[in-house]
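Hi everyone, thanks for making time this morning. I'd like to walk you through a structure, piece by piece. Please have a look at the picture while I talk.

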Amino acid sequence: MSLFSNLLNLHSGNKPLEDFFTEIVAYFLSLNKDILIDWLKHHSIISDDNYSSIKISTQQEHKGLESHTEDSRLDIVVELSTGLITDVIFIESKIGSSEGWQQLKKYADILSKLPNVRHRILIYITRDYDPKEEIKQYDCDPKLAIKEYCLELSPKINFFQLRWHQFYSFLEKRSFNILAQEILIFMRNNRMAHNNQLSSIDILTMVNFNKTLNFIEATLTEEVKKEFKKAFEGVNKSELDSLYQWKSKNRYIIGTSLSVKRWAFWCGLGYFDLNPSNLTDYPNLGIFLQVSPNFGQRTKIIESMQNVINDKSNIWTPANLI
């Protein structure tokens with residue numbers, strides 16, 4: 001086990017894998033700026049500009065713009081300067097989790113508003129396959145007009161999508177020091193060195209997928225679904241694509257909307273954490289209430305649920321939930 005794996009295991013509760021690895025990579029690149037430049041050139045993200053200043057920061061917070069419902073926190077921000085011009089790169093990293101609601105679009109909005117910047121670059125790098133369309137911005141709503149006739153108002157955002165196994169292969173050829181070696185070991189331990197070759201675990205998963213899926217569906221749609229209907233006056237499974245939830249949110253659930261506006265306030269029930277970083281971890285069974293950030297009763301609903309949990313914490317014990 002690597003030094004970084006041992007350090008991560010010292011963290012109590014849920015392990016902050018993504019934030020932990022972000023800090024490791026950012027620190028490594030800050031010490032090895034030549035590797036950073038080579039990596040960016042390798043993927044044709046930058047050209048052969050001679051930067052005199054390279055600044056790397058992590059967990060950089062930005063106030064939400066007027067169209068945003070919340071503030072943003074950027075994993076890694078790279079500022080490249082020649083003294084006369086500045087290029088800015090936002091890097092969003094995912095290891096197991098998926099993109100938050102319009103997260104990349106918000107980051108593109110923030111990038112477009114930065115003053116005195118020449119090239120504005122957004123990199124989305126993931127462990128798992130999570131394809132995204134190119135980030136585009138227009139001065140009119142593309143839903144209400146033909147995109148070709150929309151004039152671009154904001155500066156162009158250069159969007160690049162990468163996978164962590166590509167970084168692993170790149171670094172493996174340049175692993176000249178102990179820090180790089182430890183990063184490679186940590187990436188192997190957390191399935192970030194994976195390529196398109198099937199492992200024995202992948203094949204086992206494939207041949208047992210239908211059996212597992214049938215089991216999950218049976219446990220949620222027989223007796224459990226009856227109780228769910230009683231509690232929420234019916235659930236229309238067709239409204240919720242459970243397989244999409246599995247693919248995009250790492251959960252297989254049934255759900256029902258609790259508001260007139262579809263999915264502004266809703267309840268979900270089923271299996272969670274279906275894509276753990278550690279292959280020995282088990283999924284969780286759970287129920288949740290989700291309320292949209294722009295729902296009018298959001299604050300009241302959250303306060304009410306907090307009161308229920310705090311005032312009657314004894315009812316949430318496993319023994320009382322059977």
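Let's begin with Ser257: its bridge partner in β7 is W266. Please keep in mind throughout that this is a predicted model. That pairing sits within a set of six bridges joining β6 to strand β7, residues 265–272, and the two strands run antiparallel. Stepping back, β6 and β7 belong to an open sheet of three strands, ordered β6-β7-β8, with antiparallel pairing. Which strands are at the edges? They are β6, residues 252–257, and β8, and each of them pairs on one side only. On average, neighbouring strands of this sheet are turned by 15 degrees against each other, ignoring direction.

W266 comes up again when we look at S292. You'll find S292 in the loop between β8, residues 284–291, and α11, residues 298–311. The C-alpha atoms of S292 and W266 are separated by 9.0 Å, and the two residues are 26 apart along the chain. And what does S292 touch, if we leave out residues up to four places away in sequence? The answer is A264 and R298.

Now to the other sheet. This is an open sheet of five strands, in the order β1-β2-β3-β4-β5, and the pairing is mixed. Its edge strands are β1, at 53–62, and β5, at 157–163, each pairing on one side only. The twist from one strand to the next averages 20 degrees.

Let me zoom in on one pair of strands there. Strand β4, residues 120–126, is joined to β5 by seven bridges, and these two run parallel.

Helix α3, residues 33–42, lies across β1, β2 (72–81), β3 (86–94), β4 and β5. Relative to β1, α3 runs at about 80 degrees.

On the α2 side the contact is made by F28, L29, S30 and L31, and on the α3 side by K33, I35 and L36. By class, the residues of this contact of α2 with α3 are five nonpolar, one polar and one charged.

Helix α2 has another contact to show you, with α6. Here α2, residues 17–31, and α6, residues 178–189, pack at an angle of about 155 degrees, and their axes are 11 Å apart. The two helices are therefore roughly antiparallel to each other. Their crossing is left-handed. From α2, the contact uses L17, F20, F21, I24, Y27, F28 and L31; from α6, it uses L179, A180, I183, F186 and M187. How do these residues divide by class? In the contact of α2 with α6 there are 12 nonpolar residues, no polar ones and no charged ones.

Now for the rings. The structure holds 11 aromatic pairs. One of them is F21 with F186: the ring centres are 5.9 Å apart and the planes are at 15 degrees, so the pair counts as stacked. This pair links distant parts of the chain, with F21 in helix α2 and F186 in helix α6, 165 residues apart.

My last stop is α5 with α6. Their axes come within 10 Å and cross at roughly 145 degrees. This crossing, too, is left-handed. The contact is made by W164, F167, Y168, L171 and E172 of α5, together with A180, I183, L184, M187 and R188 of α6. Sorted by class, the contact of α5 with α6 has eight nonpolar residues, no polar ones and two charged ones.

That's my tour, and I'm happy to go back to any of these spots on the screen.

Technical notes
Residues numbered from 1 in each chain as written. Predicted model: local features only at pLDDT ≥ 70, side-chain atom pairs only at ≥ 80, totals over all residues. Heavy atoms only, no water. Axes fitted to C-alpha atoms, helices over the stretch in contact; angles between N-to-C directions. Helix = DSSP H or I, 4+ residues; strand = E, 2+ residues; numbered from the N terminus. Parallel < 35°, antiparallel > 145°, perpendicular 65-115°, else oblique. Left-handed = near helix turned anticlockwise from the far one by under 90°. Contact = heavy atoms within 4.5 Å. Nonpolar A, V, L, I, M, F, W, Y, C, P; charged D, E, K, R; others polar. Pairing = 2+ DSSP bridges. Phe/Tyr/Trp six-rings, centres within 6.5 Å; stacked < 30°, edge-to-face > 60°.
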